[in-house]
Amino acid sequence: MKTLYWIGGIAAAGLLVGTGVRMAAHSGDAPPAASAPAAAPQAAGAPLAGSVPAVTARADSGSTVTGVADASSAQYKVGDHLKQSVTDADQPYKASGKTVNGYQEIAWEGLIPKDWDAMAPFKGLKLDQMDDNDPRADAALWKAKKYWKQAPVDAAMEGRAVRLPGFVVSLDREGEALKEFLLVPYFGACIHVPPPPANQIIHVKSARAVKDVRTMDAVWISGVIKVERSDSSMGASGYSMTAVKVEPYTAPDNNG
């Protein structure tokens, strides 16, 4: 995959956590002619400047790398965050903060320490002044990957009973049932684009093997979150959870 495309995807995800954005995901395509500086904010919901058309994809049979097929609903595309409503793509998911069966609904942003800047490796980097062979682009990419892998967590999250939605990245299956997975905040993370920061990945083990859940399905998880780092072939996580409940994602009720 082109270096500038990887950087563009990382920059979009880091800048727009909690909003809808589509990231470049085609390998082998020509790099964009002009991209906005990585550190410059973009409007919520706007596509990454210079990105290729978004890829409609869904992993098939729980595969974490290959076998990606078109989603029957085409509801999410690579780089999309969860939607508040299936009928309104411009409304990103917002946590209601309500407690459901003893588990408080939280937002992904709540897992990031307030003084941590996800975009620090890209400060001053002008993608529109580089080509894909520029050594500065390679250096920035590797710096960002290391920085995100070592991302700090919020110690105050330890032991909290929480409920959180996200996308599944399968790790371990028992036949057709899923036993272990990563939960990530946007579609295609760890599959088509680099992993999110460690503080945006939860390593989930289910109390019971979960049927009918595939990679990149959107689900709710409920359980007690732990501050615990782990590495897998798909990404480094800063949190873990033994989920007592895994269920298909539906938009939260933010009324009342």
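User: Buried means under 20% relative accessible area, exposed over 50% and partly exposed in between (1.4 Å probe, protein chains only). How many aromatic pairs does a search of the whole structure find?

Analyst: This is a predicted model, in which local features need pLDDT of at least 70 and side-chain atom pairs 80 or more, while totals for chains, interfaces and linings use all residues. Residues are numbered from 1 along each chain as its sequence is written, and side-chain values use heavy atoms, without hydrogens or water. Rings of Phe, Tyr and Trp (its six-membered ring) pair with centres within 6.5 Å; planes under 30 degrees apart are stacked, over 60 edge-to-face, the rest tilted. The number of aromatic pairs found across the structure is six.

User: Which residue forms a stacked pair with Trp116?

Analyst: The two ring centres are 5.3 Å apart, with 15° between the planes. Trp116 lies in the loop between strand E6 (103-105) and helix H2 (135-149), and its partner is in helix H2, so the pair ties together parts 31 residues apart in sequence; helices (H or I, at least four residues) and strands (E, at least two) are DSSP runs, numbered from the N terminus. Trp116 is buried at 13% relative accessibility.

User: What is the relative accessibility of Phe187, which pairs edge-to-face with Phe167?

Analyst: The Phe167 and Phe187 rings are 5.6 Å centre to centre, with 85° between the planes. Phe167 is in strand E7 (residues 161-174) and Phe187 in the loop between strand E8 (177-184) and strand E9 (202-210), so the pair ties together parts 20 residues apart in sequence. Phe167 is buried at 0%. Phe187 is also buried, with a relative accessibility of 4%.

User: Which residue forms one aromatic cluster with Phe167 and Phe187?

Analyst: The cluster is made up of Phe167, Phe187 and a Tyr.
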